[in-house]
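Let's take a friendly walk through a protein model with its sequence and structure at hand. Take your time and look around before reading on.

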Amino acid sequence: MKAAGLSLDVRRELCVICGEEQVRERDGGPIVVLPASAEEVAAVLRLANECRLRLSPAGSDTAINPSGKQPDVVLNTTRLTEVEHYDHADLTVGIGAGTTVARLQALVGAEHLLFAADPALPDRCTVGGLLATASHGPLRHGYGGVRDYCIGIRFVTGGARRAKGGGRVVKNVAGYDLMKLLIGSYGTLAVITSASFKLFPAPRETKTFLTEFSGAAEALRFRDQLMRSPLSPMCLELVSPGARKLMRPEMAGDAWVIGVRAAGSDAVQARYRKELGSAVTRELEGDKERIMWRAIEDFPAACGQMSKDERRKEGARNVCIQISVPPSDVLRIINLLNTPDDRKNVSVGFIGRVGVGHVLAVIQISSEEREPLRLVDNLRREFKDNLSVKLDSASKPWPIPPANLTAMRAVKQALDPGNVLCGREIF
Amino acid sequence: MHFPRVVDQLRKIAGRDAVLDRPEDLMLYEYDAGVRKCTPAAVVFPQNTQHVSAILRLASAAGFPVVARGAGTGLSGGAIAPKGGVVLAFARMNRILEVDAGNMRAVVQPGVVNQQLSDCVAHLGLYFAPDPSSQKACTIGGNVAENSGGPHTLAYGVTVNHVSGLTVVMPAGEVVRFGGKAAESDGFDLTGFFVGSEGTLGVVTEITVRLLRRPERIATLLAIFETVDDGARTVSAITAAGITPAALEMLDGWTLRAVEAACQAGYPLDAGAVLLIELEGLTEQVEEQAEAVRKVALEQKAREVRRAKDEIERGLLWKGRKNAFAALGRLAPSYYSQDGVVPRTKIPAALQFIGLVGKKYGLRIGNIFHAGDGNLHPLILFDPRNPAQLELVQAAGAEILEWCVSAGGSITGEHGIGLEKRDLMPLLFTDDDLDVMLSLHNAFNAAGTLNPGKLFPTARMCRETTGPSANPVLSSEGM
């Protein structure tokens, strides 16, 4: 059997594995298969290896850019939604990779617990997609990334082997840390079928303090003061004037904003008020607070949509770039992207967890195909090892080959020797 | 290559005074803080990454095994070389290369002692969070290899949560760099993957660590209970009240009396158990939490909840905890420390089971452990001069770990697998799980030059890798 123009045999086999109604074809697109268990995922991968099919795992496509190279089969994980364990007194949960983040948040929220991931579009974003893309939202500042609280992972390798790493207790160093390897691997090594997480007590009261500044430098000086203070907010987010406009018309304004979200009693909030001082221009709580943070969480998705719309226009397009640098380099990044030497590119907006050195930038660039890569290449030359860059295309996760490509290839060969899973271009 | 020639080559690489091969010197490197022993063929002290690279090139060509070693404080036999193996001792790569206070990072060599880093950055209001009990001696390289924890990992996580970059020498001598000072890196998270790989994938020669800001206020409470059960129930009750202490440690009555006799930490001699609870953060937050914890503990039948009134009292309470293992030396010539983990709600049942195991084998077992994250440390006292007793102790330890796994837990929370628990790995992992791990091992260390015989069950390693043990020269050296 050959991959191109999938044969009837392949389709028939997929139907045998998952059931006829779970194998769907789009006009001119790949076959979409929806397995209901890890066993079925393994069977699909075995078939993919036998038939040399190109397979791409997907949750709800919240991070996939359709402009990427098309696979033969999309393995949709959204039927993998079983709760494997939920031990609320132990603050742990294990759940199928196809569960949406919103559903998981609601499940644990009922017991006043917090699943500390707040990616864009939580109603659609799946747990598996969250892990595969290592996505994060504003809670990244106070709770760390999913790398810090994923305690176990079950998966099927590209070579169709069902396996796991970690377990369901919060402290566990037995065996290799396969969670770290799969988180952020963009589905290039294995299909994640379920994962276990450490949960946190949900804060009973929160308040957001908004501070405003005339420029990025001033805002980041305030960030530095805050980082040296005894305060430890849940969220610390920079929002540029351009980003405010993009997020919601009512949030538009000329100032650079730093939002500081604090959990705790009235006494704790009073202390935040005192420490933050006259920089605070507004305080938000309740629905207004929730709406603001939701807009920040969804900003990458809004940019993604905008990118697609802009592609239709002539001459220029918007791209989203996610950058991680040491916090002291955030200003340099913003300045570089704000004033490109050739004036070809124009920054549109920035947000970022600037306390941990994260920046998400929307840049208007020339519509030339290689322009985003040129931009990334320049940043890489400037910042060397101390930089991570993601473009808005999850189907091509590493815009330019990472420095440790040889080691990555060794890992890829170990887990996906048939090169069945997506991302094969860089390997 | 004949082994004396290997020693000559090692001296050429690292210097004449940087290689030990006399039996009386090698004896000092035949053990760690666990119960296994094996004398290495030589010990070499590299002084830089290039030395490590040249040594690994030599090892790869000559086919002798290499085992990296920090301070030898590990508890799972991870730093013990097999016969014919060379110990790569990092005592001379002990420099703090850079402190970047603005970015809360430091770059260190692997031989830097854990506590020294925190001492070095204390004037900046910063510290390195992982704090194993051996932190005054253990090295950060060892912490990275074993993914070490400590009491305060309850709030701050284990070593991997505090490492953002590594320089690694691969088995054939190639020097690679994973990550850097940024919180995230491009490509696979190989930094995270290599941390905790127990020296089986590569040798780390530089580590970029994350530093934390010292909290404004610390409250250290000692909750005193009549029974272990009451103490154990309080652990879950504190969590259920929405409080995550920075540390939550438990000592049973028998252990605390031994500790008190040795350290005079201020523990009550007539208690059934104590919880040592530390809260850190903003003053207002800590004061509220301290009051909430006191209430919860009293509701769970604490006899009394004391609070350290100053840094001296706090230091004493922690001195008792951190020196507890050594204090038990007053009661028996040696001890065997286990490292099982259970979900924290299973702590009362786990302690009951440990009591039954002690009775079954006629062994004294003390409990001093990280209760907040369910990481048990049953300390089984024994006399190593009695080989039959050592076997009993290991059987008792294995039985406890089997119970931990059956309760949904793990066989190690922070000590690593090493030699000690390699044959218990199938309790946790299926053949497929182990095959996947082994395929990754072989992707980097197919010849098995680096730290052979660790982490994987013995039978599996013999079957599926062709390590140096197959080398005829080394076999004649007694491997």
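This report looks at where two chains meet and then at one residue inside a chain.

This is a predicted model, in which local features need pLDDT of at least 70 and side-chain atom pairs count only at pLDDT 80 or more, while totals for chains, interfaces and linings use all residues. Residues are numbered from 1 along each chain as its sequence is written, chains are lettered from A and ligands numbered from 1 in the order in which they are written, and side-chain values use heavy atoms, leaving out hydrogens and water.

Start with the interface. Here 77 residues of chain B are in contact with 68 residues of chain A (contact means heavy atoms within 4.5 Å). About 5,900 Å² is buried between chain B and chain A, and carbon and sulfur atoms give 57% of that area (buried area is the accessible area, with a 1.4 Å probe, that two parts lose on being put together, summed over both). On the chain B side, B:Glu184, B:Asp186 and B:Phe188 lose the most area to chain A, together 15% of what that side buries.

Nine salt bridges are counted between chain B and chain A (a side-chain nitrogen of Lys or Arg within 4 Å of a carboxyl oxygen of Asp or Glu).

Now turn to B:Glu278, which is buried, with a relative accessible area of 0% (buried means under 20%, with a 1.4 Å probe and protein chains only). Its side chain makes these polar contacts (N or O atoms within 3.5 Å, one able to donate a hydrogen and the other to accept it; residues adjacent in sequence count only if both atoms are side-chain atoms):

| Side chains | Distance |
|---|---|
| B:Glu278 and B:His152 | 2.7 Å |
| B:Glu278 and B:Trp318 | 2.7 Å |

How values were computed: Buried < 20%, exposed > 50% of the residue type's maximum accessible area, 1.4 Å probe, protein only.
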